Amino acid sequence: MTLSCFDLGEQMLSVDEARQALATLIERPLGSEQIPLAQAHGRRLAAAIQAPINVPQNTNAAMDGVALALAKEGVGAKQTHWPLAGEVLAGQYRSELVPAGHCVRITTGAPLPPGTDTVVMSEQLREPLDDKPAHVIIESPELLKHGQHVRQAGEDIATGDTALPAGARLDAASMGLLASLGYAEVSVCQRPRVAIFSTGNEVTPPGEPLPKAGIYDANRFTLTGLLTEQGAEVIDLGILPDDLNATQTALKQAAEQSDLVITSGGVSVGQADFTRAALEQLGRLAFWRVALRPGRPMACGWLGESRTPFVGLPGNPVAVMVTFGQFVTPLLDRLHGQPMALPYRLHAIADNLLKSRLKRTDFIRGVYHTDENGQLHVRSTGAQGSGILTSMVAANCLIELADDQDGAQPGEVVSIQPLTGWL
(Lines give C-alpha, C1' and ligand atoms only; values in the text may rest on other atoms or scores of the structure.)
Protein backbone atom coordinates (compact mmCIF):
# COMPACT_ATOMS: atom_id res chain seq x y z
CA MET A 1 0.00 0.00 0.00
CA THR A 2 1.34 3.44 -0.94
CA LEU A 3 1.94 5.73 2.03
CA SER A 4 0.56 9.26 2.00
CA CYS A 5 2.95 12.18 1.75
CA PHE A 6 1.98 13.03 5.31
CA ASP A 7 3.19 9.68 6.69
CA LEU A 8 6.77 10.03 5.53
CA GLY A 9 8.22 12.73 7.76
CA GLU A 10 11.78 13.77 6.97
CA GLN A 11 13.01 10.44 5.63
CA MET A 12 14.94 10.43 2.39
CA LEU A 13 12.82 9.07 -0.45
CA SER A 14 13.78 7.55 -3.76
CA VAL A 15 12.36 9.14 -6.89
CA ASP A 16 9.81 6.32 -7.29
CA GLU A 17 8.76 6.55 -3.63
CA ALA A 18 8.33 10.33 -3.90
CA ARG A 19 6.32 9.98 -7.12
CA GLN A 20 3.95 7.46 -5.52
CA ALA A 21 3.58 9.50 -2.32
CA LEU A 22 2.94 12.76 -4.15
CA ALA A 23 0.13 11.15 -6.17
CA THR A 24 -1.83 10.65 -2.92
CA LEU A 25 -2.41 14.42 -2.78
CA ILE A 26 -5.08 14.04 -5.49
CA GLU A 27 -8.20 12.86 -3.69
CA ARG A 28 -10.53 12.83 -6.71
CA PRO A 29 -10.25 13.54 -10.42
CA LEU A 30 -11.84 16.53 -12.10
CA GLY A 31 -15.15 16.23 -13.93
CA SER A 32 -15.88 16.21 -17.65
CA GLU A 33 -17.46 18.54 -20.18
CA GLN A 34 -18.85 18.35 -23.70
CA ILE A 35 -17.04 20.58 -26.21
CA PRO A 36 -16.97 21.05 -29.99
CA LEU A 37 -14.42 18.86 -31.75
CA ALA A 38 -12.78 21.97 -33.22
CA GLN A 39 -11.80 23.03 -29.69
CA ALA A 40 -10.61 19.63 -28.49
CA HIS A 41 -6.96 19.58 -29.60
CA GLY A 42 -4.73 18.65 -26.65
CA ARG A 43 -7.63 17.63 -24.41
CA ARG A 44 -8.09 14.20 -22.82
CA LEU A 45 -11.12 12.05 -23.60
CA ALA A 46 -13.39 11.49 -20.61
CA ALA A 47 -14.79 8.27 -22.08
CA ALA A 48 -13.83 5.76 -24.75
CA ILE A 49 -15.04 6.44 -28.28
CA GLN A 50 -16.75 3.63 -30.23
CA ALA A 51 -17.11 3.75 -34.00
CA PRO A 52 -20.79 4.28 -34.95
CA ILE A 53 -20.07 3.49 -38.62
CA ASN A 54 -17.62 1.60 -40.77
CA VAL A 55 -14.67 3.61 -42.06
CA PRO A 56 -14.70 3.58 -44.99
CA GLN A 57 -18.48 3.26 -45.09
CA ASN A 58 -18.45 1.34 -48.40
CA THR A 59 -16.03 -0.91 -50.23
CA ASN A 60 -14.51 1.58 -52.65
CA ALA A 61 -11.93 2.21 -55.32
CA ALA A 62 -8.38 3.07 -54.32
CA MET A 63 -7.54 4.30 -57.84
CA ASP A 64 -9.10 6.10 -60.78
CA GLY A 65 -9.85 3.61 -63.58
CA VAL A 66 -12.45 0.91 -64.08
CA ALA A 67 -14.10 -1.50 -61.67
CA LEU A 68 -14.36 -5.02 -63.09
CA ALA A 69 -16.98 -7.64 -62.42
CA LEU A 70 -14.20 -10.20 -62.23
CA ALA A 71 -16.19 -12.48 -59.91
CA LYS A 72 -13.29 -14.71 -58.86
CA GLU A 73 -9.62 -15.45 -59.38
CA GLY A 74 -8.91 -16.57 -62.91
CA VAL A 75 -12.19 -15.45 -64.45
CA GLY A 76 -11.43 -12.89 -67.15
CA ALA A 77 -7.73 -13.69 -67.16
CA LYS A 78 -7.78 -13.84 -70.99
CA GLN A 79 -10.35 -11.12 -71.53
CA THR A 80 -8.82 -8.00 -73.05
CA HIS A 81 -11.95 -6.10 -74.11
CA TRP A 82 -14.27 -5.13 -71.25
CA PRO A 83 -17.69 -3.70 -72.10
CA LEU A 84 -18.57 -0.53 -70.19
CA ALA A 85 -21.78 -0.63 -68.17
CA GLY A 86 -21.64 2.98 -66.96
CA GLU A 87 -19.65 5.05 -64.47
CA VAL A 88 -19.53 5.79 -60.74
CA LEU A 89 -17.96 9.01 -59.45
CA ALA A 90 -16.94 9.80 -55.88
CA GLY A 91 -20.05 10.78 -53.96
CA GLN A 92 -22.32 8.64 -56.14
CA TYR A 93 -23.82 5.27 -55.26
CA ARG A 94 -24.91 2.75 -57.91
CA SER A 95 -27.20 -0.02 -56.74
CA GLU A 96 -27.60 -1.66 -60.17
CA LEU A 97 -25.72 -4.93 -60.62
CA VAL A 98 -22.80 -4.93 -63.07
CA PRO A 99 -22.94 -8.16 -65.13
CA ALA A 100 -19.98 -10.54 -64.97
CA GLY A 101 -17.38 -9.70 -67.59
CA HIS A 102 -18.39 -6.01 -67.67
CA CYS A 103 -16.90 -2.94 -66.03
CA VAL A 104 -17.75 0.62 -65.00
CA ARG A 105 -15.60 3.72 -64.97
CA ILE A 106 -14.82 4.70 -61.39
CA THR A 107 -12.95 7.41 -59.49
CA THR A 108 -10.95 7.12 -56.29
CA GLY A 109 -13.21 6.80 -53.26
CA ALA A 110 -16.34 5.90 -55.21
CA PRO A 111 -18.28 2.88 -53.83
CA LEU A 112 -17.87 -0.29 -55.91
CA PRO A 113 -21.25 -1.14 -57.43
CA PRO A 114 -22.71 -4.63 -56.88
CA GLY A 115 -20.96 -7.30 -58.92
CA THR A 116 -17.60 -5.49 -59.15
CA ASP A 117 -14.65 -6.51 -57.03
CA THR A 118 -11.43 -5.44 -58.78
CA VAL A 119 -10.06 -2.09 -60.00
CA VAL A 120 -7.65 -1.45 -62.86
CA MET A 121 -5.97 1.96 -62.79
CA SER A 122 -6.32 4.30 -65.76
CA GLU A 123 -2.63 4.05 -66.64
CA GLN A 124 -3.04 0.33 -67.39
CA LEU A 125 -5.95 0.82 -69.81
CA ARG A 126 -6.12 1.48 -73.53
CA GLU A 127 -9.25 2.95 -75.06
CA PRO A 128 -10.62 2.74 -78.62
CA LEU A 129 -10.20 5.91 -80.67
CA ASP A 130 -13.92 6.56 -81.23
CA ASP A 131 -15.63 9.39 -79.31
CA LYS A 132 -17.93 7.18 -77.24
CA PRO A 133 -16.12 3.90 -76.60
CA ALA A 134 -18.36 1.06 -75.50
CA HIS A 135 -15.46 -0.80 -73.97
CA VAL A 136 -11.90 -0.47 -72.62
CA ILE A 137 -8.89 -2.65 -73.37
CA ILE A 138 -6.66 -4.31 -70.78
CA GLU A 139 -3.51 -5.34 -72.59
CA SER A 140 -2.10 -7.66 -69.91
CA PRO A 141 -5.13 -9.32 -68.30
CA GLU A 142 -2.97 -12.17 -67.01
CA LEU A 143 -1.46 -9.73 -64.51
CA LEU A 144 -4.81 -8.96 -62.92
CA LYS A 145 -5.16 -9.86 -59.25
CA HIS A 146 -8.61 -10.44 -57.86
CA GLY A 147 -9.51 -7.61 -55.45
CA GLN A 148 -6.64 -5.30 -56.42
CA HIS A 149 -6.83 -1.55 -55.69
CA VAL A 150 -9.95 -1.97 -53.54
CA ARG A 151 -10.47 -0.60 -50.03
CA GLN A 152 -12.84 -2.77 -48.03
CA ALA A 153 -15.65 -1.31 -45.93
CA GLY A 154 -14.50 -1.00 -42.33
CA GLU A 155 -10.85 -1.77 -43.09
CA ASP A 156 -9.80 1.37 -41.17
CA ILE A 157 -12.22 0.82 -38.29
CA ALA A 158 -15.39 -1.27 -38.05
CA THR A 159 -18.71 -0.37 -36.44
CA GLY A 160 -18.55 -0.97 -32.67
CA ASP A 161 -14.75 -1.02 -32.43
CA THR A 162 -13.06 1.21 -29.87
CA ALA A 163 -11.62 4.11 -31.84
CA LEU A 164 -9.90 5.84 -28.92
CA PRO A 165 -9.64 4.82 -25.24
CA ALA A 166 -10.67 6.96 -22.29
CA GLY A 167 -7.87 9.30 -21.32
CA ALA A 168 -6.39 9.55 -24.80
CA ARG A 169 -4.91 12.96 -25.52
CA LEU A 170 -6.38 14.32 -28.74
CA ASP A 171 -3.68 15.15 -31.26
CA ALA A 172 -4.19 16.06 -34.92
CA ALA A 173 -4.52 12.43 -36.02
CA SER A 174 -7.04 11.64 -33.27
CA MET A 175 -9.14 14.65 -34.19
CA GLY A 176 -9.15 13.54 -37.82
CA LEU A 177 -10.26 10.05 -36.76
CA LEU A 178 -13.13 11.45 -34.67
CA ALA A 179 -14.22 13.65 -37.55
CA SER A 180 -14.17 10.64 -39.90
CA LEU A 181 -16.60 8.93 -37.51
CA GLY A 182 -18.97 11.89 -37.57
CA TYR A 183 -18.33 13.27 -34.07
CA ALA A 184 -18.96 17.01 -33.91
CA GLU A 185 -18.65 17.09 -30.10
CA VAL A 186 -16.67 15.03 -27.60
CA SER A 187 -16.69 14.53 -23.84
CA VAL A 188 -13.33 15.58 -22.41
CA CYS A 189 -11.82 15.89 -18.94
CA GLN A 190 -11.96 19.36 -17.48
CA ARG A 191 -8.69 21.23 -17.77
CA PRO A 192 -6.81 21.42 -14.45
CA ARG A 193 -6.48 25.01 -13.28
CA VAL A 194 -2.92 25.41 -12.03
CA ALA A 195 -1.79 28.53 -10.18
CA ILE A 196 1.91 29.38 -10.41
CA PHE A 197 4.17 32.05 -9.00
CA SER A 198 7.86 32.66 -8.48
CA THR A 199 9.42 33.87 -5.24
CA GLY A 200 12.43 35.94 -4.33
CA ASN A 201 13.47 39.60 -4.06
CA GLU A 202 16.12 38.97 -6.69
CA VAL A 203 13.63 37.67 -9.31
CA THR A 204 12.86 40.27 -12.00
CA PRO A 205 10.22 40.11 -14.78
CA PRO A 206 11.66 40.03 -18.31
CA GLY A 207 11.48 43.47 -19.93
CA GLU A 208 12.34 45.39 -16.77
CA PRO A 209 15.83 46.72 -15.92
CA LEU A 210 17.90 44.04 -14.26
CA PRO A 211 19.23 45.06 -10.81
CA LYS A 212 22.87 44.42 -9.98
CA ALA A 213 21.92 41.43 -7.81
CA GLY A 214 18.88 40.38 -9.84
CA ILE A 215 18.00 37.50 -12.12
CA TYR A 216 15.29 37.37 -14.75
CA ASP A 217 12.32 35.12 -14.00
CA ALA A 218 12.67 32.09 -16.27
CA ASN A 219 10.73 29.60 -14.17
CA ARG A 220 7.21 30.99 -14.64
CA PHE A 221 7.60 30.93 -18.40
CA THR A 222 9.03 27.42 -18.38
CA LEU A 223 6.19 26.22 -16.13
CA THR A 224 3.60 27.95 -18.31
CA GLY A 225 4.93 26.09 -21.35
CA LEU A 226 5.10 22.73 -19.57
CA LEU A 227 1.61 23.08 -18.12
CA THR A 228 0.12 24.19 -21.42
CA GLU A 229 1.60 21.14 -23.13
CA GLN A 230 -0.07 18.99 -20.48
CA GLY A 231 -3.48 20.53 -21.19
CA ALA A 232 -3.68 22.66 -18.05
CA GLU A 233 -5.12 26.16 -17.67
CA VAL A 234 -2.44 28.40 -16.15
CA ILE A 235 -3.24 31.04 -13.53
CA ASP A 236 -0.14 33.26 -13.39
CA LEU A 237 0.16 35.07 -10.05
CA GLY A 238 3.49 36.70 -10.87
CA ILE A 239 6.50 37.13 -8.60
CA LEU A 240 6.29 37.28 -4.81
CA PRO A 241 8.83 39.11 -2.64
CA ASP A 242 10.53 37.39 0.27
CA ASP A 243 7.76 38.30 2.68
CA LEU A 244 5.72 35.89 4.80
CA ASN A 245 2.46 37.90 4.69
CA ALA A 246 2.63 38.32 0.90
CA THR A 247 3.31 34.61 0.47
CA GLN A 248 0.41 33.66 2.71
CA THR A 249 -1.98 35.95 0.84
CA ALA A 250 -0.89 34.59 -2.53
CA LEU A 251 -1.17 30.95 -1.43
CA LYS A 252 -4.64 31.54 0.01
CA GLN A 253 -5.78 33.23 -3.22
CA ALA A 254 -4.25 30.48 -5.33
CA ALA A 255 -5.94 27.71 -3.34
CA GLU A 256 -9.37 29.30 -3.81
CA GLN A 257 -9.21 29.48 -7.61
CA SER A 258 -7.17 26.48 -8.70
CA ASP A 259 -6.95 22.69 -8.64
CA LEU A 260 -3.19 22.67 -8.05
CA VAL A 261 -0.68 25.27 -6.86
CA ILE A 262 2.96 25.22 -7.99
CA THR A 263 5.70 27.56 -6.81
CA SER A 264 9.38 27.67 -7.63
CA GLY A 265 11.94 28.66 -5.02
CA GLY A 266 11.43 29.48 -1.36
CA VAL A 267 11.09 25.92 -0.06
CA SER A 268 14.54 25.35 1.43
CA VAL A 269 15.57 26.03 5.03
CA GLY A 270 17.18 29.38 4.24
CA GLN A 271 16.28 32.37 6.43
CA ALA A 272 14.51 34.12 3.54
CA ASP A 273 12.54 31.09 2.30
CA PHE A 274 8.95 31.74 3.38
CA THR A 275 6.88 29.37 1.25
CA ARG A 276 7.27 26.49 3.63
CA ALA A 277 6.32 28.60 6.66
CA ALA A 278 3.26 30.01 4.89
CA LEU A 279 2.14 26.55 3.85
CA GLU A 280 2.35 25.29 7.44
CA GLN A 281 0.04 28.10 8.58
CA LEU A 282 -2.51 27.78 5.75
CA GLY A 283 -2.76 24.05 5.34
CA ARG A 284 -0.87 20.86 5.94
CA LEU A 285 2.77 20.45 4.99
CA ALA A 286 4.41 17.22 3.93
CA PHE A 287 8.01 18.23 3.44
CA TRP A 288 10.09 15.44 2.06
CA ARG A 289 13.61 14.93 0.91
CA VAL A 290 14.19 13.17 -2.40
CA ALA A 291 17.44 11.50 -3.34
CA LEU A 292 17.85 13.01 -6.80
CA ARG A 293 19.95 15.56 -8.65
CA PRO A 294 18.96 18.12 -9.73
CA GLY A 295 15.82 18.63 -7.68
CA ARG A 296 16.33 19.45 -4.02
CA PRO A 297 14.69 20.89 -2.04
CA MET A 298 10.99 20.28 -2.62
CA ALA A 299 7.82 20.53 -0.55
CA CYS A 300 4.25 19.38 -0.93
CA GLY A 301 0.99 19.45 0.95
CA TRP A 302 -2.58 20.78 1.02
CA LEU A 303 -3.79 24.35 1.14
CA GLY A 304 -6.89 25.62 2.95
CA GLU A 305 -10.20 23.90 3.66
CA SER A 306 -10.44 22.91 0.01
CA ARG A 307 -7.27 20.81 0.48
CA THR A 308 -5.89 22.10 -2.80
CA PRO A 309 -2.69 20.17 -3.62
CA PHE A 310 0.51 22.21 -3.43
CA VAL A 311 3.94 21.46 -4.86
CA GLY A 312 6.90 23.68 -4.13
CA LEU A 313 9.57 23.09 -6.74
CA PRO A 314 13.24 24.10 -6.42
CA GLY A 315 14.36 27.52 -7.60
CA ASN A 316 17.00 26.48 -10.11
CA PRO A 317 15.60 26.43 -13.68
CA VAL A 318 16.86 23.00 -14.72
CA ALA A 319 15.70 21.48 -11.43
CA VAL A 320 12.24 22.93 -12.10
CA MET A 321 12.03 21.16 -15.46
CA VAL A 322 13.38 17.85 -14.17
CA THR A 323 11.10 17.72 -11.13
CA PHE A 324 8.09 18.79 -13.19
CA GLY A 325 8.54 15.79 -15.49
CA GLN A 326 9.07 13.34 -12.64
CA PHE A 327 6.41 14.56 -10.20
CA VAL A 328 4.00 17.17 -11.59
CA THR A 329 3.12 15.38 -14.83
CA PRO A 330 1.87 12.30 -12.87
CA LEU A 331 -0.24 14.64 -10.70
CA LEU A 332 -1.87 16.10 -13.80
CA ASP A 333 -2.60 12.55 -15.01
CA ARG A 334 -4.39 11.91 -11.72
CA LEU A 335 -6.41 15.11 -12.02
CA HIS A 336 -7.45 13.91 -15.48
CA GLY A 337 -8.68 10.67 -13.91
CA GLN A 338 -5.85 8.59 -15.37
CA PRO A 339 -3.53 6.11 -13.66
CA MET A 340 -0.18 7.57 -12.76
CA ALA A 341 2.00 6.94 -15.80
CA LEU A 342 5.73 6.40 -15.38
CA PRO A 343 8.10 8.40 -17.57
CA TYR A 344 8.68 6.92 -21.02
CA ARG A 345 12.13 5.31 -21.21
CA LEU A 346 14.47 3.98 -23.90
CA HIS A 347 17.89 2.36 -23.66
CA ALA A 348 21.00 3.75 -25.30
CA ILE A 349 24.75 3.19 -25.29
CA ALA A 350 26.71 5.85 -23.41
CA ASP A 351 29.31 7.60 -25.56
CA ASN A 352 31.11 9.27 -22.66
CA LEU A 353 31.78 8.80 -18.96
CA LEU A 354 28.72 9.65 -16.83
CA LYS A 355 29.23 10.46 -13.15
CA SER A 356 26.78 9.67 -10.37
CA ARG A 357 26.76 8.22 -6.89
CA LEU A 358 24.98 5.41 -5.12
CA LYS A 359 21.68 6.01 -3.28
CA ARG A 360 20.81 8.99 -5.49
CA THR A 361 19.13 9.18 -8.89
CA ASP A 362 20.94 11.49 -11.27
CA PHE A 363 19.22 13.05 -14.28
CA ILE A 364 21.91 14.12 -16.75
CA ARG A 365 20.96 16.22 -19.73
CA GLY A 366 21.80 14.28 -22.86
CA VAL A 367 21.60 14.08 -26.63
CA TYR A 368 20.66 10.75 -28.19
CA HIS A 369 21.25 9.72 -31.79
CA THR A 370 21.50 6.57 -33.88
CA ASP A 371 24.67 5.24 -35.45
CA GLU A 372 25.05 3.82 -38.97
CA ASN A 373 23.66 0.48 -37.72
CA GLY A 374 20.57 2.04 -36.19
CA GLN A 375 21.83 1.56 -32.62
CA LEU A 376 20.79 4.26 -30.14
CA HIS A 377 23.64 6.19 -28.48
CA VAL A 378 23.65 9.05 -25.99
CA ARG A 379 26.13 11.65 -24.72
CA SER A 380 25.84 14.30 -22.06
CA THR A 381 25.48 17.96 -23.00
CA GLY A 382 28.50 18.87 -20.91
CA ALA A 383 28.35 20.99 -17.76
CA GLN A 384 25.43 19.88 -15.59
CA GLY A 385 24.88 22.81 -13.24
CA SER A 386 21.19 23.15 -12.31
CA GLY A 387 21.17 26.77 -13.45
CA ILE A 388 22.56 26.08 -16.93
CA LEU A 389 19.44 26.53 -19.04
CA THR A 390 21.33 26.19 -22.31
CA SER A 391 21.97 22.55 -21.41
CA MET A 392 18.20 21.88 -21.52
CA VAL A 393 17.88 23.68 -24.85
CA ALA A 394 20.65 21.46 -26.24
CA ALA A 395 19.23 18.25 -24.72
CA ASN A 396 16.69 15.93 -26.28
CA CYS A 397 16.63 13.52 -23.33
CA LEU A 398 17.47 12.98 -19.69
CA ILE A 399 19.95 10.22 -18.92
CA GLU A 400 18.62 8.47 -15.81
CA LEU A 401 21.23 6.92 -13.54
CA ALA A 402 19.27 5.12 -10.84
CA ASP A 403 20.15 5.07 -7.16
CA ASP A 404 21.88 1.69 -7.50
CA GLN A 405 24.39 3.07 -10.06
CA ASP A 406 27.60 4.92 -9.27
CA GLY A 407 27.99 6.14 -12.84
CA ALA A 408 28.32 4.65 -16.30
CA GLN A 409 31.33 3.91 -18.46
CA PRO A 410 31.51 4.58 -22.22
CA GLY A 411 29.86 1.65 -24.02
CA GLU A 412 27.55 0.86 -21.11
CA VAL A 413 23.78 0.73 -21.71
CA VAL A 414 21.86 3.43 -19.84
CA SER A 415 18.23 4.44 -19.46
CA ILE A 416 17.06 7.68 -21.11
CA GLN A 417 13.84 9.69 -20.92
CA PRO A 418 13.15 11.50 -24.23
CA LEU A 419 12.20 15.16 -23.79
CA THR A 420 10.13 15.41 -26.99
CA GLY A 421 7.01 17.40 -26.19
CA TRP A 422 8.52 19.13 -23.15
CA LEU A 423 10.01 22.19 -24.76
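Start by selecting Cys189: its relative accessibility is 6%, so it counts as buried (under 20% relative accessible area; exposed is over 50%, and partly exposed lies in between, with a 1.4 Å probe and protein chains only). Next, pick Cys397, which is also buried because its relative accessibility is 0%. A disulfide is a covalent bond between the sulfur atoms of two cysteines. How many disulfides does a search of the whole structure find? The search finds 0 disulfides, taking as the criterion a pair of cysteine sulfur atoms within 2.5 Å.

A word on what you are viewing: this is a predicted model, in which local features need pLDDT of at least 70 and side-chain atom pairs count only at pLDDT 80 or more, while totals for chains, interfaces and linings use all residues. Residues are numbered from 1 along each chain as its sequence is written, and side-chain values use heavy atoms, leaving out hydrogens and water.

**Stop: helix α2**

Select residues 172-180 to show helix α2. Helices (H or I, at least four residues) and strands (E, at least two) are DSSP runs, numbered from the N terminus. Color Ser174, Met175, Leu177 and Leu178, the buried residues of α2. Now look down the axis of α2: these buried residues fall within an arc of 160°, so they line one face of the helix. The arc is taken from the directions from the helix axis to the C-beta atoms. On the other side of α2 you will find Ala172 and Ala173, which are exposed.

What do the buried residues of α2 pack against? Show β3 (49-50), β12 (162-164) and β13 (185-189), which are their partners; contact here means heavy atoms within 4.5 Å.

Then visit both ends of the helix. At the start of α2, a side-chain oxygen of Asp171 comes to within 3.3 Å of the backbone nitrogen of Ala173. After α2 comes Gly182, with a positive phi near 95°.

**Stop: α1 against α6**

Bring up helix α1 (residues 15-23) together with helix α6 (residues 317-335). Their axes are 9 Å apart and the helices pack at an angle of about 35°; axes are lines fitted to C-alpha atoms, for helices over the stretch in contact, and angles run from 0 to 180 degrees between N-to-C directions. To see the contact, show Val15, Ala18, Arg19, Leu22 and Ala23 of α1 with Gln326, Phe327, Pro330, Leu331 and Arg334 of α6.

Most residues other than glycine have a negative phi, and most peptide bonds are trans. With that in mind, go to the loop between β3 and β4 (60-61), where Pro56 sits. The peptide bond from Val55 to Pro56 is cis, with omega near -5°. Move on to Pro294, in the loop between β21 (292-293) and β22 (299-303). Arg293 and Pro294 are joined by a cis peptide bond, with omega about -5°.

Now select His149, in the loop between β10 (135-138) and β11 (150-151). Although not a glycine, His149 has a positive phi, near 55°. Arg307, in the loop between β22 and β23 (308-313), has a positive phi of about 55°. Arg307 is partly exposed, at 36% relative accessible area.

**Last stop: Leu70**

Finish in the loop between β5 (65-68) and β6 (81-88), the place of Leu70. Leu70 is buried, with 4% relative accessibility.

Note on methods: A polar contact is a pair of N or O atoms within 3.5 Å; within protein, one must be able to donate a hydrogen and the other to accept it, and residues adjacent in sequence count only if both atoms are side-chain atoms.
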